[in-house]
Amino acid sequence: MKDIFFEDKVTPVKGLIRRYKTRVLIELTLKCPVECEFCFRIGKKEEGRGTLTNEEIDRIVDYIEKNKEITEIILSGGEPLFVLDLLKYTLNKLKVLDQLKIFRIHTRAVVTAPLLVSEKFLKILSKKYKQIIYLSIHINTSKELNSKVELAIEKIRKTGVILYSQSVFLKGTNDSVEILKELFIRLIELGVRPYNIYQCNNIPGIEHFMVPLKKEIEIMTELRKDVSGLACPTLIVDAPGSADKIPVSLSFWETKLETFKDFEGKTKYTPGLV
Ligand code: SF4
């Protein structure tokens with residue numbers, strides 16, 4: 001299960017994934033305190049790619065500086081909270097680039113290991129940056145919320161960063177209106193804006209988690225009727241063969257769901273997704 005999203009083709013410098021003109025993702029580490037069964041990074045972890053060094057970050061920063069159209073950086077993993085010194089080093093190197101306007105940090109540790117939301121991490125977030133910091137929490141079900149997680153969210157919110165969430169539909173875990181309603185409503189009460197919910201990728205080893213797209217649309221349509229728009233994330237599928245993130249229409253629109261177009265306008269067929 002190596003390079004299922006063709007990331008090597010869009011990696012101009014080790015650790016940097018560039019699918020889009022203006023935003024890039026830096027995979028700080030592939031280390032993680034947990035092993036989610038549905039993790040699509042597992043192939044890369046098996047390759048033992050580990051953690052970037054400061055010198056590798058320097059090369060990434062050089063690349064970004066030479067490509068002035070890049071304005072947005074996503075710091076991801078693995079788990080970026082697992083490598084706080086590297087996170088701090090990276091932010092300090094990037095913050096002086098005037099072209100950069102947005103930093104995004106993608107983490108699941110707030111839910112899986114809330115103790116990693118340490119004073120050291122909060123201090124990193126609280127520093128003065130010219131850029132706005134957005135922090136995305138990966139959370140899939142209301143059962144992942146408890147007093148420790150909510151306290152961690154509150155501490156992050158007090159630093160002034162903007163919080164949003166990303167989720168993955170998982171068969172048998174959250175493919176229900178009630179579970180997602182409880183999750184998304186609680187998130188907005190906590191100051192976390194539900195942003196995207198993804199269809200689980202149809203790849204060997206985790207395909208049993210996939211929920212049929214029709215069912216996901218039904219669930220998200222019911223949710224949209226029932227709760228505030230603020231609490232309704234966008235349903236997204238990764239386009240097969242490109243990993244473009246394609247937003248899906250809800251049942252308010254009539255569509256046969258047989259094909260869709262990716263970001264380059266190429267028609268894609270949906271068997272396996274619906
Ligand atoms: S937290 Fe993220 S990187 Fe870590 S195992 Fe889970 S899905 Fe994979």
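In this predicted model, residues 24 or more positions apart supply 74% of the contacts in the chain that have a separation of 6 or more. Of the 274 residues, 51% count as buried.

The secondary structure amounts to 8 helices and 11 strands. The chain has a radius of gyration of 19 Å, close to the 19 Å given by the globule rule for 274 residues, and is therefore as compact as a globular protein of that length. The C-alpha trace extends over about 50 × 40 × 35 Å along its principal axes.

The accessible surface of the chain is about 13,600 Å², and carbon and sulfur atoms contribute 53% of that area. Charged side chains number 44 positive and 37 negative, with the centres of the two sets 5 Å apart.

Helix 8 covers residues 213-226, which makes 14 residues. From its first C-alpha to its last, helix 8 reaches 20 Å, close to the 20 Å expected at 1.5 Å a residue. Which residues of helix 8 are buried? They are Leu 213, Glu 216, Ile 217, Ile 219, Met 220, Thr 221 and Leu 223. A charged residue, Glu 216, is thus listed among the buried positions of helix 8.

Terms used: Residues numbered from 1 in each chain as written. Predicted model: local features only at pLDDT ≥ 70, side-chain atom pairs only at ≥ 80, totals over all residues. Heavy atoms only, no water. Helix = DSSP H or I, 4+ residues; strand = E, 2+ residues; numbered from the N terminus. Rg over C-alpha atoms; globule rule 2.2 N^0.38 Å. Buried < 20%, exposed > 50% of the residue type's maximum accessible area, 1.4 Å probe, protein only. Contact = heavy atoms within 4.5 Å. Areas by Shrake-Rupley, 256 points an atom, 1.4 Å probe, with all protein chains shown as cover. Charge placed at Lys NZ, Arg CZ, Asp CG, Glu CD. Expected span 1.5 Å × (residues − 1).
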